[in-house]
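Q: Could you take me on a close look at the aromatic ring pairs in this model, and at the strand where one of the rings sits? I would like the geometry and the surroundings together, please.

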Amino acid sequence: MLLESYKLMDVCRIGTFIGHKGAVWQARLSPDASNAATASADFTAKIWDTHTGEMLYSLRHNHIVRAVAYPPDNSDLVATGGMEKKLRVFDLAELSAAYPGSPATIPADAGFEIGEGIHTSSIKFICWTNDPNTIITAADKTIRWLDLPTRGCIRTEVLDGEIGSCEMVSLAPEYSASSDIGGGKSVLAVAAGKTAYFWGGDRAMDRLKSITLPYTIASVGIDLKGRKIVVGEEPGTWAKVIHYDEEVELDVHKGHHGPIWSIAFSPDGKLYATGSEDGTIKLWKNCEGFYGLWQGVAERTTE
């Protein structure tokens, strides 16, 4: 007879960054993976050495820090934003000389502000586009495109609802193709109200599409190659898979016990993660056959 056996690999925590004294709202890995940035309710953004776990810098702000971001090709720059309603950019290479020692506490005014006076509500998300001179912020119902050389706002769009998620999505170069959504470039994916919005191009200023659903969504992720999106209902605990072109529901993932606030695809697009208020991150396979944790079914014959 045939016996089915399933082999699962363990998911192991490999380290912990210890030092924040408040909730961590967001975390980002630098392009070269040498350091990471975290945004916290303790009024700081912190920079960490990813190899040792050591705190390198504590960027002291005057209110809760909600968002951090790196440019796509520079691990020495980091942007912060939050309840101060200010977008700041810090040059870590310059700060290391000005504030020797580790960890170094650095005041917020050591960074330079972009779009002074532009933001009228808390900055929830920051996205650095493929063009390193263009940064996007999400605050309340508004997306803003800001230019680093002039430090001014170059475009504003008010969306149909409160922004729940805002992310730049891309595949690793070896997996991307011109036939993908966005033509092989990064795509800005935003969930706001009942609508999922998508922008493409080097500065993510080209509106590709918007998909309006019959329910409010807290988050959205996009499968650029498979031409699917995944959304988290709000209120609700389900993740729904929807065809990007035909806008029909393909699948429903049930398993979370709280709202899904974040959805992210792996660099090869074959896996995505959903992060929920229930305190869990769940991984979902997005391809056929064997992959990673899902080793598939091995069949053997026994007498």
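This is a predicted model: local features need pLDDT of at least 70, side-chain atom pairs count only at pLDDT 80 or more; totals for chains, interfaces and linings use all residues.

A: Residues are numbered from 1 along each chain as its sequence is written, and side-chain values use heavy atoms, with hydrogens and water left out.

The structure holds five aromatic pairs. In one of them, the ring centres of phenylalanine 17 and tryptophan 48 are 5.0 Å apart with planes at 15°, so this pair is stacked. Here, rings of Phe, Tyr and Trp (its six-membered ring) pair if their centres lie within 6.5 Å, and planes under 30 degrees apart are called stacked, over 60 edge-to-face, and the rest tilted. Because phenylalanine 17 sits in the loop between strand 1 (2-6) and strand 2 (24-29) and tryptophan 48 in strand 4, their pairing ties together parts that are 31 residues apart in sequence. Strands are DSSP runs of E with at least two residues, numbered from the N terminus. Tryptophan 48 counts as buried because its relative accessibility is 0%.

A second example is edge-to-face: phenylalanine 198 and tyrosine 244 lie 5.7 Å centre to centre, with 70° between the planes. Phenylalanine 198 belongs to strand 17 (residues 195-200) and tyrosine 244 to the loop between strand 21 (239-243) and strand 22 (249-253), so parts 46 residues apart in sequence are tied together. Phenylalanine 198 is buried at 0% relative accessible area, and tyrosine 244 is buried at 5%. Elsewhere, ring pairs link Trp145, Tyr197 and Trp199 into a cluster.

Back in strand 4 (residues 44-49), we also find threonine 44. Threonine 44 counts as buried because its relative accessibility is 2%. Its side chain makes a polar contact of 2.6 Å with the side chain of aspartate 42, and another of 3.5 Å joins it to the side chain of histidine 20. A polar contact is a pair of N or O atoms within 3.5 Å; within protein, one must be able to donate a hydrogen and the other to accept it, and residues adjacent in sequence count only if both atoms are side-chain atoms. Beyond its neighbours within four places in sequence, threonine 44 touches residues including His20, Thr38, Ser58 and Val65, with contact meaning heavy atoms within 4.5 Å.

Notes. Helices (H or I, at least four residues) and strands (E, at least two) are DSSP runs, numbered from the N terminus. Buried means under 20% relative accessible area, exposed over 50%, partly exposed in between (1.4 Å probe, protein chains only).
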